[in-house]
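This report describes the architecture, the packing and selected side-chain pairings of a single protein chain. Please consult the sequence and the structure shown below while reading.

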Amino acid sequence: MIDHPVLFASLALAAIATPGPTTLLALQNGSQGGVRVALPGIAGALLSDLLLIAAVAAGIGGLLAASALAFEGLKWLGVAYLCWLGWRLLRKTPNPGHAQTPTPPQPPSRMFRQCLLVALTNPKGYLFFSALLPSFIAPAKALLPQYLTATAVFVGIDALVMLAYAALGSAGARWAGAHTWNRVNRASGALMLALAASLSLLRRPGSPGPL
């Protein structure tokens, strides 16, 4: 068991519930076919949690904090990918109809890859876990059970939050007309580009400028 599990869960909830690329994709995917259709994307996001925590446990988070080249390479890869997703949403063909459903959903494999890659190419995730986990891991105790507990708590909370975002998107699609969702697509694309711009300003810990 990790130290202070309630505090850890509260911090995880605050970090996960804050709108970001993966929650925005869950909202978008849910709007295109409901929670069931959004499940592959949610699975991709949850797999990214497992990989990020494993990477931090293996020391990759520390490498990104120490290596300017690794940090900048991963950061700009993430910026480019978010820009590409935003551009695709902005260029999505408007639906001229009046049906209550938006455009058809993407293939499940594409949803899975998008959410996975968005998370894995964002150095904020590595830095977040690098900064958060050590405060709740007791070095004198067995490390593996503590990391497994932290992973289970974080992934469980992430799953619930992502399902909530997907359900919100699904409910919105049922009540909004096609023209409304055309505007949602454009707003989502603009938000993706804004997130890309925000990520481009991220600085490595210890380097000059804002983090």
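Predicted model: local features only at pLDDT ≥ 70, side-chain atom pairs only at ≥ 80, totals over all residues.

**Overall architecture**

The protein contains nine helices and zero strands, and the order of its elements from the N terminus is α-α-α-α-α-α-α-α-α. Of the 211 residues in the protein, 44% are buried. The accessible surface amounts to about 10300 Å², and carbon and sulfur atoms account for 73% of that area.

**The nonpolar core**

The largest nonpolar core comprises 46 residues, and Phe-8, Phe-129 and Met-192 have the most contacts inside it. Two or more residues each are given to this core by helix H1 (5-17), helix H2 (21-31), helix H3 (35-57), helix H5 (68-90), helix H6 (108-120), helix H7 (123-132), H8 and helix H9 (178-200). H8 supplies the largest share of this core, nine residues. This helix spans residues 143-175.

**The aromatic cluster**

Which residues are linked into a cluster by ring pairs? They are Phe-128, Phe-129 and Phe-154. The model has four aromatic pairs by the ring-centre rule. In one of them, the ring centres of Phe-128 and Phe-129 are 5.4 Å apart and the planes stand at 70°, so the pair is edge-to-face; an angle over 60 degrees is what this class requires. Phe-129 and Phe-154 also form an edge-to-face pair, with 4.8 Å centre to centre and 65° between the planes. Because Phe-129 lies in helix H7 and Phe-154 in helix H8, this pair ties together parts that are 25 residues apart in sequence.

Phe-128 is partly exposed, at a relative accessible area of 27%. Phe-129 is buried, with a value of 2%, and Phe-154 likewise counts as buried at 5%. Leaving out residues up to four places away in sequence, Phe-129 touches Leu-52, Ile-53, Val-56, Pro-134 and Phe-154.

Beyond its neighbours within four places in sequence, Ile-157 is in contact with Ala-9, Ala-12, Leu-13 and Ile-16. The C-alpha atoms of Ile-157 and Ile-16 are separated by 7.8 Å, although the two residues are 141 residues apart along the chain.

Asn-29 is found in helix H2 and is buried, with a relative accessible area of 1%. Not counting residues up to four places away in sequence, the residues touched by Asn-29 are Gly-34, Val-37, Ala-38, Gly-41, Gln-106, Met-111 and Cys-115.

Side chains of opposite charge can pair when their charged atoms come close. The count for this model is one salt bridge. In it, the side chains of Lys-75 and Glu-72 meet at 3.3 Å, N to O. Both residues lie in helix H5, three residues apart, which is about one turn of the helix.

**Accessibility of selected residues**

The table collects relative accessible areas for residues discussed in this report.

| Residue | Relative accessible area | Class |
|---|---|---|
| Asn-29 | 1% | buried |
| Phe-128 | 27% | partly exposed |
| Phe-129 | 2% | buried |
| Phe-154 | 5% | buried |
| Leu-163 | 32% | partly exposed |

**A nonpolar surface patch**

Leu-39, Leu-160 and Leu-163 form a nonpolar patch on the surface, and their accessible area together is about 270 Å². Leu-163 lies in helix H8. Its relative accessible area is 32%, so Leu-163 is partly exposed.

Technical notes:
Residues numbered from 1 in each chain as written. Heavy atoms only, no water. Patch = residues over 30% accessible without salt bridge, like charges linked within 9 Å, V, L, I, M, F, W, Y side chains within 5 Å. Areas by Shrake-Rupley, 256 points an atom, 1.4 Å probe, with all protein chains shown as cover. Salt bridge = Lys/Arg side-chain N within 4 Å of Asp/Glu carboxyl O. Helix = DSSP H or I, 4+ residues; strand = E, 2+ residues; numbered from the N terminus. Buried < 20%, exposed > 50% of the residue type's maximum accessible area, 1.4 Å probe, protein only. Core = buried A, V, L, I, M, F, W, Y, C linked by side-chain atoms within 4.5 Å. Contact = heavy atoms within 4.5 Å. Phe/Tyr/Trp six-rings, centres within 6.5 Å; stacked < 30°, edge-to-face > 60°.
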